[in-house]
Amino acid sequence: MVDKLLQVRDLHLYFKTTKGVVQAVDGVALDMDSGEALAIIGESGCGKTSLIRAILRLLPNNVHTYKGSVVLLGTDIMKLPEERFRTQVRWRQISLVAQAAMNALNPVVRVGDQVSEPLVIHQRLGKKAALVQAAEVFRMVGVPTDFLSRYAFELSGGMRQRAILAMALISEPNLVVLDEPTSALDMLTQANIMNVLKGIKRDLGQSFIFITHDVATTSELSDRGVVMYAGQIVEISSTAEQFYLNPLHPYSQKLMASVPTLKQKKELEFIPGQPPSLIGPPTGCRFAERCHRRFDLCDQEPPMFSLEDGRQVKCWLYK
Amino acid sequence: MAEESRTPPKAESAAGKWRVFSPAALRFARYTLIRGVALVVTVAIGVYIAVWIANMGGHVDEIRKAEIREAVGVSFRGNPAYRDLTPSEKRELMDAEIKRQVERLGLDKPFIGRSFAYLANALTLSLGRAERMSSDTGSKQVRSIILERLPATLMLFGTAQVLVFFVGLFIALFLSRRYGSFLDRLSVSLAPISAAPPWFYGIFLILIFAAVLGVLPYGGMLDAPTPKTTFGTVLNVVKHMILPLMAWLLSTVAISVYTWRTFFLIHSSEDYVELAKAKGLHSNAIERRYILRPALPTVITQFALTMIYAWQGAIITETVFSWPGLGRMLFQAIGMYEVPVIVGSVVIFAYLLAISVFLLDILYAMIDPRVKLGAKRA
C-alpha cells in the first residue's frame, strides 16, 4: 500500500501565557494524499497557523504541550530529533510560503541568495549553480530573472510573494504549506498568484496546504476543504464542490453564507457573538454558543462523524 | 544564463568616459562626497561656535588688554631707566607701548572680523602659539602640544571602544539567545549601572585596586623610571590602561548590552527568521545572517552615539586617571584661559568626531542596502 502523504493524528499544541494555557491546536486529525490541495479555513485565531507551526515544528518558547503524531510518507516526523528534522524534513519535504505582507524576506540579503539558499544548505550546491536554478524557478513563477540581484525592498508586494513562492518550490518538496498567500495583496495580484499556483499544481502535481480566511480565492484551487474552529477541525469535505455548495457543519454554513458572490443576490450573513477563548474553552461543542441549530446534545463534545460520501463533520446533527 | 540577466544593459546616456565605473560605484562616490561636504560644514560651524565661546564672545580680548596694561605697568615701575621721567611722560610712553602690543596682537580690530580669521586658521590646523602651556618637549606650538597628547587618547579610547563593541555584542547575542533566563534578567536589572559616568567608577577602582590592594597604579601611562625594553614598556602601558578601561567598560557596556540585546530580540522575532528556520538553516547561520546582519545598522548607530560620548567623556576620565591625553590637556587649558589650546583641541575633537561619523556613514551604506545613495534606481 502506498503511504499517505500526510497523516496527522491527535495533534495537540498548547501555549503557556500569563492568563493560562491556550489550547491552540486541540486533538487534530487529518489525512492527505499526494498531489492534493487542501484548504484549511477558519477565522483569525482559530488555530490554523498554530496547526501549521505544529506540523512544521516551528515552535515558540512558551510551548506547554506538544504531542500527537505527524506521519509524512510513513515516517513519524514528530519523533525525529531536531537535527535530523532540520536536515531531512525542513524544506526537503515540507516548505513554507509565508505572507509577503510580513517581513518574510531578509531586507539586507539579495533575494536571489535567499531563494537559492535551500539548495546551498541541503544539496551542498555552489552559490552560482544554486542561482542558476533560482533563475529557473523565477521564470516558472513569473519573476524577471534580473530580480535575483535585487533586495526585498526593491520588489512590489506581488513580486515578493512570487519570490517567496519560488523559494518554497526550489527544493522540490513533497508538500508546500501556504500561510495566507494572497492576503494583503490587491485583487489582480491575488488572481495572478492563484493562476501561478494552479499552473504549478497542474504541471508538477505539487501537493499544497493552504491556510486562509479568504474562502473565495482558494475555492477554485483546493480539492478539499478543512474547517477549523476554536482549535479543532469541525468539518472535512471530500470534494471541493460539496464543500463550497453544500457545507455540513452549521459553522461552515454560516461561513459560506458570509462570502459575497456576484452571480446571485443574497443577504450576507454574519455569525453573532465571538469565538470562545482558547484558554479553558467550553466542554461541549465549542460552537454551541453561537449556533443557530443548537439542541440539548450540544452540551457534550461531539465526535467526528464520517458520512457515506467520505465527508467528516464534528456535529451532533449528523449522528 | 542567469549571470547575463543579473547585469541588464544600462542606458548609454551617461558621458562615455564614466562608463568604466559601474553606476553603483558612481552613486557610492557621490554619496561619500556629499557626506564629506556636509561633515566639513558641520565641523566649521562647530569650530566657529567654539571660537566664540572660548573667547567669551570677545570678552577674552578685554582680559588680554588688561593683562597687557598690567604687564607694561609692572615693567615700567621696575625699570630704573624710566625713574627720572615725569608721570605724564611715563604715561605717554606706557600708552604707546600698550598700543604697540595691542596692535601687534590685533586686539584693536573688532572681534567679529578676527573670528573668521580664527576659524580659517583653526580649520587649516594653523593653531598658533600657546600663551602659557607648553609641550613636554618645550614647544609653544599648539599643534605640537596637541599632537603630543593625541596618541595617548586614541590608544586608550580606541581600545575602550573596540572592547565595548565586541564585548557588548558578544554578551548581547548570548543573552538574546537566553531571553528570560536568570542571566538575562540579571543583566537587564543591572543596566542602570551605565547611569554613572566612567570617572565615577574610576574613583572607586583607584581606591580599591591602587590604594587598598596596591596591585595597579593610581594613574598615568608609564612608571618612572620607564622600563628599558620595548616589551617592558608595552606591558607597563597595558598595566596602566587596565583601570581606565575597566571604568569605561563598567559604565558603557551595561547599557550597550541592554539595547543591543533588545535589538537582537526584536530582530529574532521577524518573519524571515522563522522562515529561515523552516528552511532548515543551522541555528548559527540563522543568527549570523538573519539576526545579526539585519540588526547591524541599528547596532552601529547606537555604537556611533557611544563614540560621541567617548570623546566627551575623555576629558574627566583622563583627568581622574592622570592619563596624558587630549582630554586632560583640555581640562588644564580651560583652567588657564588658554584660548589657543582650547580652540585647538576643540578643532581636533571636531575632526575626530567628523572622521568617526564619516567612516560610520560609509560603513552604513555598505552594510545596509536600504540606505539611499541619493540617486533614483533603474
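Let me start inside chain B, where the C-alpha centres of domain 1 and domain 2 of chain B lie 36 Å apart. This is a predicted model, in which local features need pLDDT of at least 70 and side-chain atom pairs count only at pLDDT 80 or more, while totals for chains, interfaces and linings use all residues. Residues are numbered from 1 along each chain as its sequence is written, and chains are lettered from A in the order in which they are written.

The bounds, which come from an automatic or database domain assignment, are 22-123 for domain 1 of chain B and 142-367 for domain 2 of chain B. Their contact, where two residues count if their C-beta atoms, placed from the backbone, lie within 7 Å, takes 17 residues from domain 1 of chain B and 14 residues from domain 2 of chain B. On the domain 1 side, helix 2 (23-54) and helix 5 (111-123) of chain B each supply at least two residues, helices here being DSSP runs of H or I with at least four residues, numbered from the N terminus. Helix 2 of chain B gives the largest share of that side, 13 residues. By class, that side of domain 1 of chain B has eleven nonpolar, five polar and one charged, with Ala, Val, Leu, Ile, Met, Phe, Trp, Tyr, Cys and Pro as nonpolar, Asp, Glu, Lys and Arg as charged, and the others, Gly among them, as polar.

Turning to the contact between chains, 22 residues come from chain B and 30 residues from chain A. On the chain B side, the elements giving two or more residues are helix 1 (2-6), helix 10 (271-279) and helix 11 (283-320) of chain B, and helix 10 of chain B provides the largest share, seven residues. That side of chain B comprises nine nonpolar, two polar and eleven charged residues.
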